[in-house]
Amino acid sequence: MVSTKTQIAGFAFDNCLMNAAGVACMTIEELEGVKNSAAGTFVTKTATLDFCQGNPEPRYQDVPLGSINSMGLPNNGLDYYLDYLLDLQEKEPNRTFFLSLVGMSPEETHTILKKVQESEFKGLTELNLSCPNVPGKPQIAYDFETTDRILSEVFAYFTKPLGIKLPPYFDIVHFDQAAAIFNKYPLKFVNCVNSIGNGLYIEDESVVIRPKNGFGGIGGEYIKPTALANVHAFYQRLNPQIQIIGTGGVLTGRDAFEHILCGASMVQVGTTLHKEGVCAFDRITNELKAIMTEKGYENLEDFRGKLRYID
Ligand code: SIN
């Protein structure tokens with residue numbers, strides 16, 4: 001029997017596929033849709049402390065090879081997601097879910113994380129260090145000094161399982177420097193990658209999204225090679241206790257297979273989920289299982305991280 005079961009931080013999941021934060025996760029209705037699909041779990045929209053309107057529309061556009069977005073972290077505020085998750089963990093104690101969050105400032109990030117720490121939340125927390133879309137706010141994880149400082153401050157009080165969502169890196173030295181920082185902390189996972197920040201998509205003579213004169217994060221087919229490179233670079237460099245979630249360019253079971261081959265323990269679907277809806281989880285799972293069957297693999301551990309090199 002071929003299985004796509006996985007585990008992150010000791011929590012078991014029936015399927016290694018889930019949504020990427022930002023897609024199908026703003027409202028409880030959307031989260032329920034992912035929860036009740038073939039996905040193994042869900043992650044919430046990145047929560048800030050309070051409700052956030054985000055950037056003006058149009059701010060998300062599907063395009064032939066992927067998507068471009070400049071959402072600007074619209075969300076219903078921490079309490080909306082936390083209350084739902086606390087309720088859910090009573091109703092479905094055998095399942096584990098992810099809460100994504102970040103503050104609009106380091107101070108706000110600490111306020112949010114302290115609330116989560118003090119709450120009864122038993123799931124996984126994903127600290128988003130990579131949103132490229134809030135005007136005037138840089139992608140945190142491109143600033144190694146700030147990232148190091150935030151993590152050292154966070155782990156002084158946060159004892160629940162925590163991972164970080166990363167932007168793509170493009171230089172081997174940056175993989176080395178980033179991994180050296182992450183290896184100092186008891187992180188449970190890193191999620192590679194968020195969108196490739198600040199691309200431009202043009203139709204006729206115009207940009208297609210309003211915020212930032214059309215600059216936005218690129219997802220979908222465009223980004224798979226970059227996503228795979230980041231998954232594998234961190235798989236090679238991080239302490240084995242820090243697992244990898246692979247995100248970026250997952251359209252098919254073959255794409256998910258490649259993320260796992262590069263070292264991912266969980267695979268997130270963003271642009272494809274936006275284009276196709278939650279039935280994408282069924283299709284991609286079946287395609288992944290068909291590849292595993294053909295190759296004689298029974299579970300993810302049979303091939304996870306076993307990317308072959310040319311001598
Ligand atoms: C956004 O809300 O702008 C997208 C979220 C992200 O890229 O982290």
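**Reading a loop, a helix and a ligand site**

Trainee: Where does N213 lie?

Mentor: N213 lies in the loop between strand 12 and strand 13. Strands here are DSSP runs (E, at least two residues), helices likewise (H or I, at least four), both numbered from the N terminus. One heads-up: this is a predicted model, where local features need pLDDT of at least 70 and side-chain atom pairs pLDDT 80 or more, while totals for chains, interfaces and linings use all residues. Residues are numbered from 1 along each chain as its sequence is written, and side-chain values use heavy atoms, leaving out hydrogens and water.

Trainee: Is N213 buried or exposed?

Mentor: Buried means under 20% relative accessible area, exposed over 50%, and partly exposed in between (1.4 Å probe, protein chains only). N213 comes out at 64%, so it counts as exposed. K212 is in the loop between strand 12 (206-207) and strand 13 (216-219) too, but at 29% K212 is partly exposed. Look at the backbone as well: K212 has a positive phi of about 50° without being a glycine, and N213 likewise has a positive phi of about 50°.

Trainee: What about T147, buried or exposed?

Mentor: T147 is at 1% relative accessibility, so it counts as buried. You'll find T147 in helix 4 (residues 144-154). For its side chain, think of polar contacts: pairs of N or O atoms within 3.5 Å; within protein, one must be able to donate a hydrogen and the other to accept it, and sequence neighbours count only if both atoms are side-chain atoms. A polar side-chain atom of T147 is 2.9 Å from the backbone oxygen of D143.

Trainee: Which peptide bonds are cis?

Mentor: Check omega. From E57 to P58 the bond is cis, with omega near 0°, and P58 sits in the loop between helix 1 (28-35) and strand 4 (60-63). C192 and V193 are also joined by a cis bond, with omega about 15°. V193 belongs to the loop between strand 9 (189-192) and strand 10 (196-199).

Trainee: Which residues are around the ligand?

Mentor: A residue is near if one of its heavy atoms lies within 4 Å. Those around the ligand include K45, M71, L73, N128 and C131.

Trainee: How is the shell around the ligand divided?

Mentor: Into five nonpolar residues, five polar and one charged. Nonpolar covers Ala, Val, Leu, Ile, Met, Phe, Trp, Tyr, Cys and Pro, charged is Asp, Glu, Lys and Arg, and the others, Gly among them, are polar.
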